[in-house]
Amino acid sequence: MEASGHVAIPIPVDEFGLNPASLPAGEWAGTGTWDVAETPDAVVVTPGHQYPLGGTMPVSRRLELLRWARQHRAVVIEDDYDSELRYTGQPLPALAALDTDRDSVVTLGSFTKVLGNGVGVGHLVAPDDLLPRLHTLRTELGSPVSAVAQRAIARFMDSGHLQRHTARMRRAIADAARSSPTRWRTFPVWPWCPWPVVRTP
Ligand SMILES: Cc1ncc(COP(=O)(O)O)c(C=O)c1O
């Protein structure tokens with residue numbers, strides 16, 4: 001992002017990921033406070049699984065984030081990382097699914113976790129008015145994914161196999177977590193975080 005000329009501003013997170021209440025309505029002064037002149041153009045979030053602490057953003061915060069984005073005409077870039085492989089409870093709706101006006105969210109994802117990193121296919125869902133610019137950018141960058149792989153994944157999704165496979169994976173991971181309490185729960189931070197997190201002084 002910085003390489004393309006943007007200024008990245010860190011936002012604090014807690015066990016539920018980004019807290020929309022801490023999003024600014026002004027210009028970053030670089031000192032922990034914001035001036036009121038300018039708001040960010042975009043917010044990047046991993047609501048399914050805040051990386052690296054593992055928190056999941058609840059629906060109330062997702063709705064609050066979307067309200068903030070609409071109010072400030074900002075784009076929410078949703079890195080839909082690990083959202084399907086939650087092993088306690090059901091996956092929560094993606095921000096893109098909650099964005100009923102379909103004008104604030106760009107969702108990015110890949111099949112690395114559910115199918116394997118050898119697949120090398122990602123996806124992006126964006127509001128209609130951003131598509132021409134994204135098409136141009138994609139054309140300029142070239143396609144790293146073969147048409148055969150793209151069609152194979154599309155058929156896998158259309159046939160419902162991906163959904164069934166993901167549900168099976170969730171059950172297998174939940175079983176593994178239950179039967180390996182020492183490996184998975186030595187340092188429980190949040191019950192849904194699949195790896196230990198250690199606080200250092
Ligand atoms: C924050 C975040 N987003 C997305 C991904 C998934 O990236 P990829 O699908 O290229 O493995 C990862 C992988 O660990 C990640 O840490």
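The structure is a predicted model, in which local features need pLDDT of at least 70, side-chain atom pairs count only at pLDDT 80 or more, and totals for chains, interfaces and linings use all residues. Residues are numbered from 1 along each chain as its sequence is written.

**Overall fold**

- The chain contains six helices and eight strands; these are DSSP runs numbered from the N terminus, with helices being H or I of at least four residues and strands being E of at least two.
- Along the sequence, the order of elements is β-β-β-β-β-α-β-α-β-β-α-α-α-α.
- Of the 201 residues, 16% count as buried (20 or more other C-beta atoms within 10 Å of a residue's own; exposed means 12 or fewer, partly exposed in between; C-beta atoms are placed from the backbone).
- Among contacts with a separation of 6 or more, 65% join residues 24 or more positions apart; two residues are in contact if their C-beta atoms, placed from the backbone, lie within 7 Å.

**The core**

- In soluble globular proteins, nonpolar side chains tend to be buried together.
- The largest nonpolar core has twelve residues, including Leu-18, Met-57, Leu-95, Ala-96 and Val-106 (a core is a set of buried Ala, Val, Leu, Ile, Met, Phe, Trp, Tyr and Cys residues joined through C-beta atoms within 7 Å).
- At least two residues of this core come from each of β5 (42-45), α1 (59-72), α2 (95-98) and β7 (105-110).
- The largest share, three residues, is supplied by α1.
- With the same exclusion of residues up to four places away in sequence, Ala-96 touches Glu-78, Val-105, Thr-107 and Val-125.
- Ala-96 and Val-106 are ten residues apart along the chain, and their C-alpha atoms are separated by 7.0 Å.

**Helices with no buried residues**

- Helix α3 (residues 131-141) lies largely in the open, because the number buried among its eleven residues is zero.
- Just after α3, Gly-142 has a positive phi of about 85°.
- Helix α5 (residues 161-179) has 19 residues and reaches 27 Å from first to last C-alpha, close to the expected 27 Å; the expected span is 1.5 Å times one less than the number of residues.

**Around the ligand**

- The residues surrounding the ligand are Thr-46, Tyr-51, Asp-79, Tyr-81, Ser-110, Thr-112 and Asn-117, each with its C-beta atom, placed from the backbone, within 6 Å of it.
- This shell has two nonpolar, four polar and one charged residues (Ala, Val, Leu, Ile, Met, Phe, Trp, Tyr, Cys and Pro count as nonpolar, Asp, Glu, Lys and Arg as charged, and the others, Gly among them, as polar).
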